[in-house]
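Please find below a short note on the model, arranged as numbered points.

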Amino acid sequence: MNKNSEEEENKEQEPKEKKKEETTKLNWKEWIIDPSEEFYYTWLQIMILPICYNWVIIIFRTCFYAIEEKFVATWLTLDYICDLFYVLDTVIGFRTGFLEQGILVRDLSLLKKRYMRSSRFKWDIASLLPTDLLYLKLGIHTPLVRVNRFLRTSRMNEALDRMETRTSYPNTFRVAKLMLYIFVLIHWNACVYFSLSNYIGFGADPWVYPNISDPDFAATRRQYFYCFWFSTLILTTVGDTPPPEREEEYLFLVADMLIAVLVFASVVGSMGDVISSLRDRDNVFFPNHELVKGYLRSRRISKELQKRVNDWYQHLHINKKITRENEILRHLPITLQTAIAVSVHLPTMSKVTIFQNCENSLLEQLVLKLTPQVYSPGEYVCKKGDVGHEMYIIKEGKLAVVADDGVTQFAVLGEGNFFGEISILNIKGNKSGNRRTANIRSIGYSDLFSLSKEDLTETLLEYPAAKRLLEEKGHQILTKMGMLEETDEGEGEVEKTEDKVKRLEASLEALQTKLARLIAELESSARKMMQRVELLELQTEGWEGIVAEGAQGEIEEWEKVKEREIGDGDGDGDGEKEEEKEEEEDPIVEGERGEGDGGEESLGEKEKNAGGIEESENEKEETEEEQIKTETQDQKRD
């Protein structure tokens, strides 16, 4: 058995080792650096050293030539070590990934193209140009040929910015960064002052560096410290300096005075920013005490109450009690807010009896609703008979359950205890009616978390199972306390209400479907009516003129018939005269009227003619209707 177990372990270890070898090979071949990882941040910190070395040492070796001649081998070694770091930084630039649409790009060809097209690549290549070859012409003691190494300064700025965002003390870091810049500036000014003194002549006048033949000023260390001190006096405008006597000295002092003004302004501005940021942080963390004090003075509040308010503020500041957690974290995403609240408040929340065995997602939602509160000694958290709108969880401190006199103590609540949980559940049958049943008073300074009834009900809407569980636990607690009215219809009512809600939802869905069908039918009928109206309009376009002409012709004919009937009774002469007039007025009627029966025959002929006219008009209308129908059909086809 032992042998078999050993063989199985060896078999399991072999594929693991193979996998490790494969992963290492793949990592080395496709090695990509994520800018958000720790390696990139560490590398930026390392790059600060060679960049600062070049900024400080090159000018130092150029001006203080004794140091350059004495330690030339050391300087050359350090120079080429820094160059090696520059080369490695360029290689890392080719391997540094970037985000595209929120995803890290790992394609080496794309990374190379992006880096080579960036302005950083140009500066990096310029900083690596082999200007050391000028040593062959100018001599090895001319370190100024390496001045192109200053072009890598952008990497140091990037490193300092990242350090400022990561450090826990950003204001202190800003001050330290400002002091570093001032130190480099004073260092450069000291080197230029020593070089100017060498150009004018050591000891030529009181302003320049004293004669180096003097043993007190011959040491290299003394030379640098004296120049650094003199440069500090000039740039800070503190202390008396010898007056200049030459034009070069005047020009140097004028330039230093202008730089000193900029340095002083930057120092004052940076310190002002630091102080204002500290004040803003205090205003966010703690309530504004000055506003409250001004309000108390303007309203002439009693000194005793003012003392209580001042003691409360003092307690917050001394013990760093934060009462505005939600305001501080509101700029973070909701996932990070939940993670921070869970890490801070979940252990305390899980101690509450009614919240035990609840879903973790429910507790995560509730911890976001907790509000920190601080109570002073002797202050009442709640009194008997008050309507309960929130429950309390004790984070730190001690509370006493006291009688109405405020002195007799029935119990003492400590860290992790809670109270008021029943009043926010709205349990039916509660004899107290969601009112406080005891007086609770803070013994010392107490830190509590409060959860309001509105926040709990809003959260429980999304967790019906947890709501039923909490109500059952509340029923159990109330029955133990004897504060619950016994009702057998409680569970039945809950079930009935749930059934009613389900039925209402089903009926609502049916009504919605019926309404949708009715709307569709109404729309289709409206479309059909519009089509029929359009057809009728097209069919009756030319009917108005025809109907009007036919009506006028019929009226005129009937009038003439009546006149003739009247004319037959009067006589032949008059009839002949009227016939002549009618022939002149109406040439359409043919034949002459005779006496008696001749008039009747003409009437019959006239009625036949009128009937023929009406038939011809009807035929015309039918033909026109057929033409209109054919035209509408052709239009529909088109």
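1. In this predicted model, the buried residues of helix α8 pack against α2, α4, α6 (119-127) and α9. Contact here means heavy atoms within 4.5 Å. Helices are DSSP runs (H or I, at least four residues), strands are E runs of at least two, and both are numbered from the N terminus.

2. The buried positions of α8 are T153, R155, M156, A159, L160, M163 and E164; buried denotes under 20% relative accessible area, with exposed over 50% and partly exposed in between (1.4 Å probe, protein chains only). Helix α8 spans residues 153-166, 14 residues in total, and reaches 20 Å from first to last C-alpha. That is close to the expected 20 Å, taken as 1.5 Å times one less than the number of residues.

3. Leaving aside residues up to four places away in sequence, C227 touches F64, A190, Y193, F194 and Y209.

4. Residues are numbered from 1 along each chain as its sequence is written, and side-chain values use heavy atoms, without hydrogens or water. Local features need pLDDT of at least 70, side-chain atom pairs count only at pLDDT 80 or more, and totals for chains, interfaces and linings use all residues.
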